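User: I have a structure to go through. Can you walk me through the sheet and the helices?
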Amino acid sequence: MDEIFSSTETDPDSIAATWGPLRAHRLLWRPGCDLAAELDTWEGLLTGAGDPDSAALVTLPSEENALPLVHRGFAPLTVIAERRAGTSAPRRPARVDVRPATHDDLDAAVELNLHTVRYDAAFGMVTERPNTADRLRAALTEVLDRDHEAMWLAVDGGTPVGMLYVDMPQDAGWMERFASARPFAYLGHLGVRPDARGTGAGSALTAHAHNVLDRAGVAATLLHHALPNPRSTPFWYSHGYRPRWTVWVRRPALRSPIGVSALPERPNGT
């Protein structure tokens with residue numbers, strides 16, 4: 001298969017199964033490519049019509065003409081946004097304190113991350129799996145194990161109500177393709193407990209993290225956010241982020257033909 005088309009099967013027992021479909025088919029966009037023609041070729045290579053845990057994904061520069069994707073049933077789902085150093089929102093009063101997280105905060109960090117997963121799942125960005133909580137615990141333990149500060153909690157009266165963590169430049173190399181300045185970091189998660197949303201906890205965490213990154217000489221910070229989430233876009237862009245890349249998704253990856261059911265046929269006589 002041509003290298004512009006790729007398919008991956010995700011282990012359902014891995015944390016990656018929370019962040020995307022189990023079967024992902026990707027088309028690699030390149031400057032100057034004939035996107036419509038490549039989409040038509042790709043269509044003939046896709047299999048598994050009606051598979052609800054599959055998706056076709058194309059990542060385009062956010063300003064690129066995406067009409068060929070619209071005409072083929074794709075929708076913009078995720079944005080990779082970037083903030084340059086020194087670009088931040090004015091600080092707003094918040095009733096929370098921000099402090100580094102420790103291993104003693106692991107239970108609270110998992111709970112806060114689960115709130116975000118469940119909220120974003122409603123917009124199709126992530127999928128909570130039976131093992132999501134266990135996999136988050138392992139992933140967040142790795143963040144806390146790092147020999148540099150990378151996770152912070154917003155605390156209200158001693159109770160953690162929000163959490164943010166980043167991949168500092170030494171941990172963010174997997175986003176190399178998308179960064180426009182170096183060194184760069186990746187903001188992996190910001191979540192606030194549902195009853196604390198709108199209190200300024202998220203803004204306090206973001207301002208603190210940006211201050212840490214700026215003082216460390218980090219030139220740019222990247223993140224993913226769910227475009228359909230009504231909170232994400234205004235929040236992140238008010239904090240200096242701008243869209244760089246947009247992930248267009250069709251799920252299932254291949255639609256069932258009109259009039260043909262994707263469900264198994266019933267046995268004769270039923």
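Analyst: Some terms come before the sheet: two strands pair if DSSP finds at least two bridges between them. Strands (E, at least two residues) and helices (H or I, at least four) are DSSP runs, numbered from the N terminus. This is a predicted model; local features need pLDDT of at least 70, side-chain atom pairs count only at pLDDT 80 or more, and totals for chains, interfaces and linings use all residues. Residues are numbered from 1 along each chain as its sequence is written, and side-chain values use heavy atoms, without hydrogens and water.

User: In what order do the ten strands sit in the open sheet?
Analyst: The order is β1-β2-β3-β10-β4-β9-β8-β7-β6-β5, with mixed pairing. β1 (5-9) and β5 (97-100) are at the edges with a single partner strand each, so one side of each has no neighbour in the sheet.

User: How do β6 and β7 run, parallel or antiparallel?
Analyst: Antiparallel: six bridges join β6 (residues 151-156) to β7 (residues 159-167). Asp156 stands opposite Thr159 in β7.

User: Switching to α6, which strands does it lie across?
Analyst: Helix α6 (residues 201-215) lies across β4 (75-84), β5, β6, β7, β8 and β9. Contact here means heavy atoms within 4.5 Å. The helix runs at about 145° to β6, with axes fitted to C-alpha atoms, for helices over the stretch in contact, and angles from 0 to 180 degrees between N-to-C directions.

User: Which residues in α6 are buried?
Analyst: Among them are Ala201, Leu205, His210 and Leu213; buried means under 20% relative accessible area, with a 1.4 Å probe and protein chains only.

User: And what comes just after α6?
Analyst: Gly217, with a positive phi of about 80°.

Note on methods: Buried < 20%, exposed > 50% of the residue type's maximum accessible area, 1.4 Å probe, protein only.
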